[in-house]
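Hi there,

Here is the structure I promised to pass on. Have a look at it first, and then read on for my notes.

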There are 4 protein chains.
Amino acid sequence: MDAAITAAVRQLLAEVGYAGLTVAAVAERAGIGKASIYRRYATKHEMIFAATIHGEVLEAPLDTGSLLGDLTELARVIVSHLHHPAAASALMSLLGEIAADPALVERFTRNFVEPERAGNAEVLKRAVRRRELPQLPDMDLFHAMFGGTVLSWLFIAHHDPDDLPERLAQFACAALQATAHQPPPENAPS
Amino acid sequence: MDAAITAAVRQLLAEVGYAGLTVAAVAERAGIGKASIYRRYATKHEMIFAATIHGEVLEAPLDTGSLLGDLTELARVIVSHLHHPAAASALMSLLGEIAADPALVERFTRNFVEPERAGNAEVLKRAVRRRELPQLPDMDLFHAMFGGTVLSWLFIAHHDPDDLPERLAQFACAALQATAHQPPPENAPS
Amino acid sequence: MDAAITAAVRQLLAEVGYAGLTVAAVAERAGIGKASIYRRYATKHEMIFAATIHGEVLEAPLDTGSLLGDLTELARVIVSHLHHPAAASALMSLLGEIAADPALVERFTRNFVEPERAGNAEVLKRAVRRRELPQLPDMDLFHAMFGGTVLSWLFIAHHDPDDLPERLAQFACAALQATAHQPPPENAPS
Amino acid sequence: MDAAITAAVRQLLAEVGYAGLTVAAVAERAGIGKASIYRRYATKHEMIFAATIHGEVLEAPLDTGSLLGDLTELARVIVSHLHHPAAASALMSLLGEIAADPALVERFTRNFVEPERAGNAEVLKRAVRRRELPQLPDMDLFHAMFGGTVLSWLFIAHHDPDDLPERLAQFACAALQATAHQPPPENAPS
DNA sequence: CATTAATCGAGACGGTACGTCTTGTCTTGCA
DNA sequence: TGCAAGACAAGACGTACCGTCTCGATTAATG
């Protein structure tokens, strides 16, 4: 059923755009009732977010054998999933909606932020295992930096998505190696 | 009258957030009729855009004498401007709405993004002048990274704003020095 | 506009019945927005009630020259307006809905009960003027008796509507004359 | 199990009223599943009908020795049974729903209306036996008048229930004696 | 100075999406 | 197997809001 919702949202976003998308239309297209949508997602924005962003972005940063390769791939995956035509609108609007409600913040953090952070951490742990890094860096900062750069690049600067992954990965790789000898601050990565 | 509208929009954004802002409320707060608003702005989004973005650039990176100091101050300024309770909601939602309209994207870029990028560049040019950096880095990437990290830290990770400036500045400083020997890429803005 | 709503309700009651009537359908049929309906009526039941019952019932009990004639006419008018095919459902359901909410009780009383009571009083005042009655009777009781009898006759006993007016008028006329010498109780008719 | 359903329906009618009663709530209160309800009753209305009307006739007009006394007592009994806080909602709404279904009308008449009419008739027959009345009046009309007045007094005029019995009984008594010399009409039930 | 024209506030209007609710059916998992 | 628990499709409810429109009242400009 979640798949049907996701598919319906993507079809309709392509057909009528973000502003023209209605929950009723999604339900009809998916052949389900509106209640089944609201049972899963608290708001329309959350539904759209889950349908456009959620999924593969967060989960498995496959091992390419080097930190630089892993980071390039990670950036590429994030970019590709964020670059959906309507994703900009969806993500930003969702963040705006969420910010006002602590309960939604909590939900959003648990469902999207934490898994993504864990994925990032996995990549860096591999690098530590490979001795490319002496230790894990400040994960809070790294996570905000890596994803935030993609966000800003795409949705604020509106630069070409294809230009980013390699540049960002090189920058992040050098930065990690340059800052790795500093112990991370007191808030150790979870 | 335009001033009354602008003031009302800003007050209400702070009070009820972006999603809770209605044209009727703006009219009432401004003591005018809705028709007078629609005589000036074609849609609600244009009204909000005009009231929030218009001339709010605020990048004044005063010279602290060192790159690390400048970056810390820069981060602090960005954080302080972004951390207004309702600014989160307003900015993110506005980005979402803007993304759908290329004309607004263009205006947003010219009025907001470019000046900020110039401010960032000014800080780094100073560091070059001070010989702290051998050359200007990839400015597109640096700009996306610096602002994006703040954005993500505040509005996605929802971490403590006070924790960020120093950490980010140290990270950015080390990263810049580590990557400075690489020639920046062609730097073609997309 | 009220006329358009009333007409739409009556058409749709005839077409789809009481249970099948929706506010959205009424709005569409009337060529107006749902909000315009809810601006006038607090609930769907109130709208239906107003469209089926309200109007001529309450207002002008035309003078026939005698108390018996007036009461017969009054009963006939009430019966004819209450005997709309769906009026039974509408009235009873409305009363059921209303009973739970003091605000609706107040509204209902002001809009429907009081005018009808005033109409009843007008008929009896005429009889006093004609010297058919020495004084006004206990209006609270008379009003409840006259309308209540119609209600019960139609919707509880389900007797033939045409049988009622003459019988009720004769009964009421005789009863009024028999009880008229008693002073009405302390709550004098308003 | 039927007993559990019936009890749950009655409790919930008293607590939340007719409009607020849901099948899900009945099932939960009865500690059973919704399917078990729908196995017994085709619709919600049938369930409520079965739970409320079934054997609740309650007309016991005990002899007080005089017509006025009997009528006062009769009014008091009717008022007391109708004045339960939630009974108003339930009864009126049920009448509304019933009206749409001729089969339910028939059952309602046989189970509820006829016994009450017989009770009324019993009171008047006693008065005839006592020579307080020369003959039985138009029973259809009297029955509609007596019960209808209570209905209207309570649920339309929303007057104080305690004020009614004595006034109604006096009125009815005088009216009966005033109209008793007229032969009742053919009395054919419609 | 008086009359006309323009502009304003106030808010009703048509239209439409929202998120909630309920009905009656269908599925699941425990006893 | 039979039931409680509850998910499901369908769709109405009443609310909110947008952008348009109408209405008087107050200005402003003009004859």
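How many aromatic pairs does a search of the whole structure find over all chains? The search turns up 12 aromatic pairs. Please keep in mind that this is a predicted model.

One pair to look up is F49(C) with F112(C): their ring centres are 4.5 Å apart and the planes sit at 85°, so this pair is edge-to-face. It also links distant parts of the chain, since F49(C) belongs to helix α4 (residues 44–52) of chain C while F112(C) belongs to helix α7 (residues 102–129) of chain C, 63 residues apart. Over in chain A, F49(A), F108(A) and F112(A) form one aromatic cluster.

Next, the two chains A and B. Here 41 residues of chain A are in contact with 42 residues of chain B. About 3,600 Å² is buried between chain A and chain B, and carbon and sulfur atoms give 71% of that area. On the chain A side, the residues that lose the most area to chain B are L141(A), R167(A) and F171(A), which together make up 18% of what that side buries.

Of the atoms of DNA strand E that come within 4 Å of the protein, sugar and phosphate account for 68%.

- R39(B) has a side-chain N or O atom 2.5 Å from a phosphate oxygen of DNA strand E.
- V23(A) uses a polar backbone atom, 2.8 Å from a phosphate oxygen of DNA strand E.
- K44(D) places a polar side-chain atom 3.0 Å from a phosphate oxygen of DNA strand E.

The largest share, five residues, comes from α3(C).

Sugar and phosphate make up 70% of the atoms of DNA strand F that come within 4 Å of the protein. Again, a few contacts to pick out:

- S36(A) has a side-chain N or O atom 2.8 Å from a phosphate oxygen of DNA strand F.
- Y38(B) has a side-chain N or O atom 2.9 Å from a phosphate oxygen of DNA strand F.
- V23(C) has a polar backbone atom 2.9 Å from a phosphate oxygen of DNA strand F.

For DNA strand F, α3 (34–40) of chain A, chain B, chain C and chain D each supply at least two residues of the nearby surface. Which helix gives the largest share of the surface near DNA strand F? That is α3(A), with five residues. The residues of this surface divide into 11 nonpolar, nine polar and nine charged.

Over to you, and happy browsing!

Note on methods: Residues are numbered from 1 along each chain as its sequence is written. Chains are lettered from A and ligands numbered from 1 in the order in which they are written. This is a predicted model: local features need pLDDT of at least 70, side-chain atom pairs count only at pLDDT 80 or more; totals for chains, interfaces and linings use all residues. Side-chain values use heavy atoms; hydrogens and water are left out. Rings of Phe, Tyr and Trp (its six-membered ring) pair if their centres lie within 6.5 Å; planes under 30 degrees apart count as stacked, over 60 as edge-to-face and the rest as tilted. Helices (H or I, at least four residues) and strands (E, at least two) are DSSP runs, numbered from the N terminus. A residue is near a molecule or strand if one of its heavy atoms lies within 4 Å of it. A polar contact is a pair of N or O atoms within 3.5 Å; within protein, one must be able to donate a hydrogen and the other to accept it, and residues adjacent in sequence count only if both atoms are side-chain atoms. Ala, Val, Leu, Ile, Met, Phe, Trp, Tyr, Cys and Pro count as nonpolar, Asp, Glu, Lys and Arg as charged, and the others, Gly among them, as polar. Contact means heavy atoms within 4.5 Å. Buried area is the accessible area (1.4 Å probe) that two parts lose on being put together, summed over both.
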